[in-house]
Amino acid sequence: MLLVTPQTIPWSDVRSLLNHQAGSMHTPDQSRAVSPAPPVAPTAPAGPTPPVAGPAHREPAIPEPAIRAIRLVKTYGEGDARVRPLDGLTIDIAASRFTAIMGPSGSGKSTLLNMLAGLDTPDSGEVILGGTPITGLKDAQLTALRRDRIGFVFQAFNLVPAMTAEENIVLPSQLAGRRVDRRFFRRIVDLLGLTDRLRHRPHELSGGQQQRVAVARALVASPDVIVADEPTGNLDSASGEEVLGLLRASVDEFGQTVVMVTHDPQAAARADRVLMLADGRLAGELHSPTAEAVATALTQVTARATGAQAPSAGAHSAPAGAHGGGAR
Ligand code: ADP
Ligand code: MG
């Protein structure tokens, strides 16, 4: 049994590393169907993000959302067991921003994230990733798109058990046929406190270390978007803070786009924007919120959803309180 003391990551070092590495992180890959862009998207000016009032307020430096989801509908099951986790949801995920997705349990957060990342396909509606409509793609094309353009961080870490930490970190790049920048690799694993763990297999690592391996894996592959589903859900608060700090720094310092599902208001408050889901729809959003504001909004949305949610689809227009159970 390994006893591991969580190491504190020096964020100033991470920032300088990310600045230094920004160019090589985004080495042009001709096979990617991305529009011409400077190597690094400019980072946002400091201060709260102004409320978006419409297309006229779009910031000129970020002309295209990283992902657009348009009228997504997804239904599972039949008859009484029928649920509709997405019910005509339309959202944009801004490039070079940290977006959090919240909502009551069962409100469709993971379903949405899976659609945004091409892991699942909607019944109807459209997902556009970096200008590419992905909804009609064949399985092989979707697999290639996920491999080349999305970085994944899951609650359960999803490391390959038989592979060492190092092999796990470089796996997506190898699968994509991309050369791994060894210098960058070494520096990032050093800063993540993983240098002396590279030969270890996941079961020999603490939860925090396993998640740091997963984050390193996502960063080293320099994807267009990192999607994270409850990335701190299995971690103690110190390890969770480290993971959130790294996701935050990757957005601030080299313009990485991050979308994170969480049920933790403290975690969501690290994001630039928080989207609230309820009953498969957008129930509200907050910009640069405090944890308290997020918690209050989540409580309100949960109370409304609990009152209005029914187990079958089509109940969403029912008045609050008209349906009993169904909320989970
Ligand atoms: P959240 O992540 O917000 O907790 P999910 O998106 O995981 O919620 O699930 C939303 C609803 O869809 C839940 O009622 C869940 O049981 C259902 N669901 C999700 N995935 C499937 C699936 N593959 N098959 C059947 N039902 C599913
Ligand atoms: Mg979920």
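Four strands form an open sheet in the order β2-β1-β4-β5, with antiparallel pairing; strands pair if DSSP finds at least two bridges between them. Helices (H or I, at least four residues) and strands (E, at least two) are DSSP runs, numbered from the N terminus. This is a predicted model, in which local features need pLDDT of at least 70, side-chain atom pairs count only at pLDDT 80 or more, and totals for chains, interfaces and linings use all residues. Residues are numbered from 1 along each chain as its sequence is written, while chains are lettered from A and ligands numbered from 1 in the order in which they are written.

- At the edges lie β2 and β5 (132-133), each pairing on one side only.
- β4 (residues 124-129) runs antiparallel to β5, and two bridges join them.
- Across from P133 in β5 stands I128.

**Around ligand 1**
- The shell (C-beta atom, placed from the backbone, within 6 Å of the ligand) includes Y76, V83, P85 and K109.
- β2 (83-93) and α2 (109-116) each supply at least two of its residues, and α2 gives the most, with three.
- Three shell residues are nonpolar, eight polar and one charged.

**Helix α7**
- α7 (residues 237-254) has 18 residues and reaches 25 Å from its first C-alpha to its last, close to the 26 Å expected at 1.5 Å a residue, taken as 1.5 Å times one less than the number of residues.
- Buried residues in α7 include V243, L244, L247 and F254, where buried means 20 or more other C-beta atoms, placed from the backbone, within 10 Å of the residue's own.
- After α7 comes G255, whose phi is positive, near 70°.

Technical notes
Buried ≥ 20, exposed ≤ 12 C-beta atoms within 10 Å, placed from the backbone. Nonpolar A, V, L, I, M, F, W, Y, C, P; charged D, E, K, R; others polar.
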